[in-house]
Amino acid sequence: LCFGLFNDKDLRYNDSTALEDIIGKLVEKVSVIPSTITADRSYWSDENINAVDSAGIQEQALHPKGSKQWRITDPDKVQDFINRRAGIEPIIGHLKQLGLGKSKMKTDAGTRREGARSFIAFNLRKILAFLKTE
């Protein structure tokens with residue numbers, strides 16, 4: 001299943017500063033700090049790295065920009081994280097087809113509802129596919 005968090009203040013996240021808020025919302029809503037985190041190049045910034053460090057997340061696979069180095073040293077783990085992140089891309093594509101793409105709503109509240117609807121539709125598809133195999 002796929003879960004999403006929507007910012008109450010602003011839907012226009014800047015990826016390079018978003019991780020502190022994302023991790024905070026995750027802890028607030030689910031009471032869990034992830035043991036690993038992986039993200040694409042747009043999340044690589046000192047601010048995000050500091051947020052991940054202060055949250056105590058040990059395995060950090062933020063894809064480095066330019067000639068910067070990965071924060072994990074085991075090359076096999078780096079490849080595992082790259083593959084894991086690549087596995088998320090099709091899910092994002094499905095969510096965009098279901099309404100998470102460019103919103104035609106006039107308000108942030110409408111855009112949030114449209115985004116939530118896409119997550120619900122995606123999860124219902126997964127549940128129905130699972131029930132079909134039972």
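Analyst: Buried denotes under 20% relative accessible area, exposed over 50%, and partly exposed the range in between (1.4 Å probe, protein chains only). The model is predicted, so local features need pLDDT of at least 70 and side-chain atom pairs count only at pLDDT 80 or more, whereas totals for chains, interfaces and linings use all residues. Residues are numbered from 1 along each chain as its sequence is written, and side-chain values use heavy atoms, without hydrogens and water.

User: Why does Leu124 count as partly exposed?

Analyst: Its relative accessibility is 47%, which lies between the limits of 20% and 50%, so the residue counts as partly exposed. Leu124 belongs to helix α4 (residues 108-133); helices are DSSP runs of H or I with at least four residues, strands runs of E with at least two, numbered from the N terminus.

User: Which residues of helix α2 are buried, and what puts them on the same side?

Analyst: In α2 (residues 46-55), the buried residues are Asn48, Ile49, Ala51, Val52 and Ala55. They lie on the same side because they cover an arc of only 160° around the axis, taken from the directions from the helix axis to the C-beta atoms. Asp46 and Ser54 are exposed on the face turned away from that buried side.

User: What do the buried residues of α2 pack against?

Analyst: Their partners are α1 (19-30), β1 (36-39) and β2 (59-62), where contact requires heavy atoms within 4.5 Å. After α2 comes Gly56, with a positive phi near 85°.

User: How many helices and strands does the chain have?

Analyst: There are 4 helices and 2 strands, in the order α-β-α-β-α-α from the N terminus. Of the 134 residues in the chain, 29% are buried.
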